[in-house]
Amino acid sequence: MAAALDALKGVPLVRVETTPPGGTPAGKYADPDLGTKIIPKERYVGAEFMKLEWERMWTRTWQIGGRHEVIPEPGDWMSHEIGTESLIFVRQADMSIKGFFNVCPHRGNRIVEKDASGSAAAFKCGYHHWEWTTDGALHNLPDRETFPQLAGCTTLGLKPVSTGEWGGFFFFNLDPDAEPLMDYLGEIPAHLAPYEFENQKLIDWKTIEWDCNWKTSVDAFNEAYHVPAIHPELLSWLDNWNVQIDCLGIHNRYLVPFTTPSPHYHEQSKLSGEMLFFASLAGVDPADYEGRPRDLRLAIQRAKRARQDDTIYPYRRMNDDQLSDDYHYMIFPNATMNVYGEAMLLFVSRPHPTDPNKMLFDLMNFAHLPPDQPWQLPEHQTYKHGQISLGLVLDQDAYNLPRVQEGMNSRAYEGLIIGTQELRIRHFHKILDDYIDGVRPDHA
Ligand code: FES
Ligand SMILES: [Fe+2]
């Protein structure tokens, strides 16, 4: 049996042959030569690396701050925490978004609650009632005449943070000299435009404090090598072997075929329950399907293509593989996107403010909804590790992560031994090293 399955690994998967005009490039990119060295474990467990990471990477990169439908109207605001900083994003009268540090210039108080949102005509600090308009300009300073040193001072506005927008998301960069967001994102916007993220709606939003380093989480979603061990339930319908990995400047992706069994799956001759479910979801009647399980993916692609003009999903802009597969992108440093024809599942791995053995895991679920379907902004809920189920697959990952983190703290452990199926991990650490070393990576 094992030999037969091994032979299957050598059978190439049918890949998309045509890409619609303006579609996502699907071809394989040349792999960079990143060597085979161990990635030292100190970066996951040590306060020293955490500090370097903060000073040289977190404060110099563009990161997702939030989503446009959370603050749709002028005066709507939300706060966002990154490391030891708290930020406020506010929708302006001209519908642009401004970002500010959530800190009062008087005595340092936080102006709004952390990880919160609301609507305001002005921001007023709770300590002594200094007040700003929503564009950050100082509006009122009680008993100003008692601050002789501030006579004529015009720099008491909220301290701004750079912002940019793409795909319905707003991004921020703590570096006042940051390159424009679109330069930073490189090829990503062109790759993902066909999915029309800006037209999707947020339908679930959770944050969980996980007991691991933020990179332990990023790594876990940057390889499919762990699927047979951690997620055996996926093998009947997800091909973890024929995964195309591409390094895209400082970002990367892998393309994971869905609705086709893995060569690691023991039953290659009949459709599993999950495959039957995916078939019916796509409008393929299993009773009419006579092909191999391996080829159901192609039948599903054809079925979706046949109704591309009669659906709310932007199928017509996608290549065939995008109708069935997970085009999985990682935007450096911490955004992981599971991208499907109909929906997108976003993970954002944020560092804990003080503890390298903890992190904040944001989970945001987006979907294209029919225009007549009522929609409400989901409540942002926060949890501790293990407090809530995130579904079978993410629970399996979440169970494993603290075990990895603990093991990395062992004196017996040296660092990551990385195989070719884990190339994205090596690439991610190379880019991180470039920031730590002060080398601005080539974003092209
Ligand atoms: S600390 Fe904010 S008004 Fe005094
Ligand atoms: Fe996983």
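**Backbone, metal site and helix contact**

Guide: Asp 143 sits in the loop between β9 (138-140) and β10 (160-166). Keep in mind that this is a predicted model. The phi of Asp 143 is positive, about 55 degrees, although the residue is not a glycine. At 52% relative accessibility, Asp 143 counts as exposed.

Now the metal site. The iron ion (ligand 2) is coordinated by His 226 through NE2, by His 231 through NE2, and by Asp 397 through two OD donors. The distances run from 2.0 to 2.6 Å. Angles among the four donor atoms span 54 to 158 degrees, and the site is irregular. For four donors to count as tetrahedral, all angles must lie between 85 and 135 degrees.

Along the chain, the donors follow the spacing H-x4-H-x165-D. His 231 and Asp 397 link distant parts of the chain, 166 residues apart. His 231 belongs to the loop between α7 (227-230) and β13 (244-248). Asp 397 belongs to helix α10 (residues 392-408). Both are buried: His 231 has a relative accessible area of 2%, and Asp 397 has 5%.

Next, a helix pair. The axes of α3 (residues 47-58) and α11 (residues 423-436) come within 8 Å. They cross at roughly 75 degrees, so α3 and α11 are roughly perpendicular to each other. From α3, the contact takes in Phe 49, Leu 52, Glu 53, Arg 56 and Met 57. From α11 come Leu 432, Tyr 435 and Ile 436. These contact residues divide into six nonpolar, two charged and no polar.

Thr 59 lies in the loop between α3 and β2 (63-67). Its relative accessibility is 18%, so Thr 59 counts as buried; the cut-off is under 20%. Leaving aside neighbours within four places in sequence, Thr 59 is in contact with Trp 54, Asn 173, Leu 174 and Asp 175.

Asp 115 lies in the loop between β5 (97-101) and β6 (117-119). With a relative accessible area of 30%, Asp 115 is partly exposed. The bond joining Phe 332 and Pro 333 is a cis peptide bond, with omega about 5 degrees. Pro 333 is in the loop between β15 (326-331) and β16 (335-339). As background, most residues other than glycine have a negative phi, and most peptide bonds are trans.

Terms used. Residues numbered from 1 in each chain as written. Chains lettered and ligands numbered in written order. Predicted model: local features only at pLDDT ≥ 70, side-chain atom pairs only at ≥ 80, totals over all residues. Heavy atoms only, no water. Axes fitted to C-alpha atoms, helices over the stretch in contact; angles between N-to-C directions. Helix = DSSP H or I, 4+ residues; strand = E, 2+ residues; numbered from the N terminus. Parallel < 35°, antiparallel > 145°, perpendicular 65-115°, else oblique. Contact = heavy atoms within 4.5 Å. Nonpolar A, V, L, I, M, F, W, Y, C, P; charged D, E, K, R; others polar. Donors = N, O, S within 2.8 Å, 3.2 Å for Na, K, Ca; no water. Tetrahedral: all angles 85-135°; square planar, octahedral: opposite > 155°, others 65-115°. Buried < 20%, exposed > 50% of the residue type's maximum accessible area, 1.4 Å probe, protein only.
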